[in-house]
Amino acid sequence: QVHLVESGGGLVQAGGSLRLSCAASGSIFSINAMGWYRQAPGKQRGLVARITSGGSTNYADSVKGRFTIFRDNAKNMVYLQMNSLKPEDTAVYYCNLQAPGGLALYDYWGQGTQVTVSS
């Protein structure tokens, strides 16, 4: 069983910054990738940023140049540095861990942390 715990969400004014953290624990033998997704009210959950075990990253177009994802492999942690926040970044942010299991990939999710950006 894999357990993910997010922290660092909160209320910030437009133009401000926040850093989200996600700690992974449990039966983690191998990680394919970790990432952050977000879901705003009335919208589907979508990718914000993702980083593979090899360090490759990809970002949603809407956050490129403003958000940075990075990992501490030794601690099984992933972070999301969010700068120049906009009201449209308001959402619940979820940490994701993707791990191989046999021939399949399994996705694990945290409970989510609220980010609210006021205008």
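**Close-up views of a predicted model**

**View 1. The largest nonpolar core of this predicted model.** This core holds 30 residues, and Trp-36, Leu-80, Met-82, Tyr-93 and Leu-97 touch the most other members. Eight strands are named here: S1, S3 (18–26), S4 (33–39), S5 (46–52), S7, S8, S9 (91–101) and S11 (113–118) each supply at least two core residues. S9 gives the largest share, five residues. In soluble globular proteins, nonpolar side chains tend to be buried together.

**View 2. Leu-97 and its contacts.** Neighbours within four places in sequence are left aside here. Leu-97 then contacts Val-2, Leu-4, Ala-24, Ile-28, Ile-31, Ala-33, Met-34, Tyr-106, Asp-107 and Tyr-108. Leu-97 is also among the core residues that touch the most other members.

**View 3. An open sheet of four strands.** The order is S1-S3-S8-S7, and the pairing is antiparallel. S1 (2–7) and S7 (67–72) stand at the edges. Each has a single partner strand, so one side of each has no neighbour in the sheet. On average, neighbouring strands are turned by 15 degrees against each other, direction ignored.

**View 4. The pairing of S7 with S8.** Six bridges join S7 to S8 (77–82), and the two run antiparallel. Look for Arg-71: its bridge partner in S8 is Val-78.

**View 5. The largest pocket.** The space inside is about 160 Å³. Its lining includes Arg-38, Gln-39, Lys-43, Arg-45, Leu-47, Glu-88 and Thr-90. S4 and S5 are the elements that give two or more lining residues. S5 gives the most, with three.

Conventions. Residues are numbered from 1 along each chain as its sequence is written. This is a predicted model: local features need pLDDT of at least 70, side-chain atom pairs count only at pLDDT 80 or more; totals for chains, interfaces and linings use all residues. Side-chain values use heavy atoms; hydrogens and water are left out. Two strands pair if DSSP finds at least two bridges between them. Axes are lines fitted to C-alpha atoms, for helices over the stretch in contact, and angles run from 0 to 180 degrees between N-to-C directions. A nonpolar core is a set of buried Ala, Val, Leu, Ile, Met, Phe, Trp, Tyr and Cys residues joined through side-chain atoms within 4.5 Å. Buried means under 20% relative accessible area, exposed over 50%, partly exposed in between (1.4 Å probe, protein chains only). Contact means heavy atoms within 4.5 Å. On a 1 Å grid over the protein atoms alone, a cavity is a set of points where a 1.4 Å probe fits but cannot get out, and a pocket is an open set with protein on both sides within 12 Å along at least five of seven lines; lining residues have an atom within 4 Å of a point. Grid points are joined across faces, edges and corners, and a volume is the space filled by probe spheres set on the points.
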